[in-house]
Every structure is written in C-alpha cells, then in structure tokens.
Amino acid sequence: MTSRLPAVGTSIFTRMTALANSVNAINLAQGFPGFEPDPLLAERLSYHASHGKNQYSPAAGVPELREQLAAKYGYRADTEITVTAGASEALFSAIANVVSPGDEVIIIEPAYDLYVPAVQLQGGIPVFVKMKYPGFSIDWQEVSDSITTRTRLILLNTPHNPTGKVLTAADISALEDIVSRHPQLLLVSDEVYEHILFDDREHLSPGSSPVLRERTFICNSFAKTYHITGWKTGYCLAPENLTRELRKVHQYITFCTFTPAQYALADYLESTTTHLALSEFYRKKKDLFLNALDTEVFRPLPSEGTFFQNLSYAHLSQQPDIDASILLTEKAGVASIPTSVFYADGTDHRILRFCFAKDDETLVEAAQRLNRAGRFL
C-alpha cells in the first residue's frame, strides 16, 4: 500500500516521552500540565457521568456549553460555535473544509506538527515562511510575496508554540492589509494558549478584527486552560457560512465529543473565572525555573506566552539539537523537544524547548540537573 504520509513516523513528542520514561528522566518535553484540574471541575464531570449524560451529544456540542462560549467570545451559539474533540480536530476539520488538491497553504515556521500532514492529506501544498531568528518575528512582506492565485489559507498560531511569540496590533494590521488584497484567502488561527501571556501582553486574535473575523476559523481547547489534556474537548469559532461547512466535515470525523465533559465545562464556565489567573500562575512557574537555571550553561530566549521556555546551547556546542535532546535525557535526566522538528527542512538553531507546566519541586530539580549538563554537550 502507498502511504498517504510517507514522511510521517512516530512523533517526536511520543518518542521523547518514551525515552524519558525508559531512563526515569524528568519529562519537560511533552506539553501537558503536571497537576490536577480544579476539584470542582472533576466533581461536575462525575456528577454528569452519574446522572445520565453519557450518550451522543448534538454534533455541534451541547447547547449549554455553546451558550457559555458565546458569552465569552461574542459568537452566536447556534450558528458560529462547534464543540470538537480537542483543538486538533478543530484544526483538522477547518483545514479539510477549505483545502482542495492543488491549493497552497502558507505555514509559518517553526510550526506545530499537525499542520503539514493535515494540509497534505487534502492534497494541499504547504508553502513555508520562516519567522526571523533570533527574535522570531513574522516578515509579513515575505508572507505577502508568497501568495499566489492558488493560495487558499494562512495558518496562524498565537501564543505561538514553540517560540512563545504573541501576535501584536502591528501583526493584525498587516494581516488585514493582506486579506483585503486577496479575496480568496482564509485564516485558521490556533489559539490554545490564549490565557497564558506574560509581561502584560494582550491576546490579539484575528477574530477580534472585523476585517479578519469573517475569514477566520479560531481553533481552541479547554485542555491547556484547565489542565485537562486527556479530556480532548475543544471548539471552533467561525462565521456562520464557514461554520456550516465545517460542521459537514466534523460530523464525519468525530460527530461529537465527550458528553459529560461538555456539561461539566458548561457548569464550570458559568461559575468560575479561573482562566483569568492563569498568566500569573504560569509566570511564577517560568520565573522559578529560570531563576534556578545557570544561564551560562543554557541561555533563555524570550517567552511572551504559552507554558514553554526555549533554551539555547549554541554558545557551548554545535551538536545537532536532536542529538543534544537525547543526550540530555539519557545523561542529565531531563527530556526536552529539539526545535528543529518544527521546521520542514530541519532548521537547527541549537535550541531546546522545555515545558514548565510542572510542580515547583520538579522544575527546580530539572534546572539543577541542567546546570550540571553542560559537560555532556
């Protein structure tokens, strides 16, 4: 059988987690929180699972949850919000909805590993535009120059994984200018870290722009916000005409998602605003990790958002980052993700990505191990 994705194997996240487990290393590779969700949220899940909410939900999501999302974002619950099996399904459904064979899709690198395979499975052609190292800004002129009559979609991610960059008002303005000149263009915006921002930065979604909102699928998830990555519950916000078509794809991928979790999240959103404290919660985690780190060994790059911290070792060694990541896992006992895997051509800046969504003791121990790790590079 001919593979539809011949270049795709086991993901780096799975491989590094397996390696970390095999050598009993601290796993700062895979991006999942190392703590439990609010007991209230867990109680609501248990309540609904034991009170009859265990069958298929409506394909678009339970009305109670869509109403809470409508109140939060200002989209219409009935026609502009679709609950999905995590942000991954939202992203895949949006891409599958609009990309046809031969369509070009602009992917800004470094890029999360779901984007390219989702485009290729539709017969789309990825067109890569790299953020400018070392600041990881987006060159919008290069984006504009990459657009042809076949360009259908631009994929965005803010706050950005793995760099931690956040879109600014200038970025939104540049996007507005590009979209206004290309009527065929649509946007897919991955915003799963929207509530994790540092230094008083503001989350600026393309959906906040009247110009861009009518062209944008916003893909999001409760996973990173409420420490529930295993619940796989996300959502897509889009104008009615785009939502109508997205739901046609969604119904044949998952149809619906975890019903008792939807009811639990609806209750939780109605009764709490814990997401508003998330930036401060993670700022303390980031500061703790960096303050315990010897920056002569690993030099931190700015992180404006997400719960990831990139560390450079380029001043110590030119060892490829995949090799360095494996070596540090095996010898220093700390697992990370090499950032070259976020580039189609393997661009290697000698940077490793570390997840600081862990308890304080784990972060301090990981930093101490990394302080002794320079001799391995």
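Helices and strands are taken here as DSSP runs, numbered from the N terminus. In this predicted model, that numbering places Thr306 in the loop between strand β9, which spans 299-300, and strand β10, which spans 308-312.

Thr306 has a relative accessibility of 0% and therefore counts as buried, the cut-off for that class being under 20% relative accessible area. The side chain of Thr306 reaches the backbone nitrogen of Phe308 at 3.1 Å. When neighbours within four places in sequence are left aside, the residues in contact with Thr306 are Pro159, His160, Asn161 and Gly164, together with Tyr193, Ile196, Phe198 and Phe356.

By the rule applied, the count comes to 1 cavity of 30 Å³ or more, and the volume of the largest cavity is about 30 Å³. The lining of this largest cavity is formed by Pro110, Phe136, Pro162, Thr163, Asn310, Thr339, Tyr343 and Ile351. Sorted by class, these lining residues comprise 5 nonpolar and 3 polar residues, with no charged residues.

The largest pocket has a volume of about 650 Å³, and of the 27 residues that line the largest pocket, Ala7, Val8, Asp113, Pro117 and Val341 are the closest to its centre. Helix α1, covering 12-23, and helix α5, covering 115-121, each supply at least two residues of the lining of the largest pocket. By class, the lining of the largest pocket is made up of 16 nonpolar, 6 polar and 5 charged residues.

The second largest pocket holds about 550 Å³ of space. Of the 26 residues that line the second largest pocket, those closest to its centre are Gly31, Ser88, Tyr112, Lys224 and Lys232. Two or more residues of the lining of the second largest pocket come from each of α1, α4, which runs over 86-98, and α9, which runs over 223-226; of the elements, α4 gives the most to this lining, with 4 residues. The class composition of the lining of the second largest pocket is 10 nonpolar, 11 polar and 5 charged residues.

Conventions: Residues are numbered from 1 along each chain as its sequence is written. This is a predicted model: local features need pLDDT of at least 70, side-chain atom pairs count only at pLDDT 80 or more; totals for chains, interfaces and linings use all residues. Side-chain values use heavy atoms; hydrogens and water are left out. On a 1 Å grid over the protein atoms alone, a cavity is a set of points where a 1.4 Å probe fits but cannot get out, and a pocket is an open set with protein on both sides within 12 Å along at least five of seven lines; lining residues have an atom within 4 Å of a point. Grid points are joined across faces, edges and corners, and a volume is the space filled by probe spheres set on the points. Ala, Val, Leu, Ile, Met, Phe, Trp, Tyr, Cys and Pro count as nonpolar, Asp, Glu, Lys and Arg as charged, and the others, Gly among them, as polar. Buried means under 20% relative accessible area, exposed over 50%, partly exposed in between (1.4 Å probe, protein chains only). A polar contact is a pair of N or O atoms within 3.5 Å; within protein, one must be able to donate a hydrogen and the other to accept it, and residues adjacent in sequence count only if both atoms are side-chain atoms. Contact means heavy atoms within 4.5 Å.
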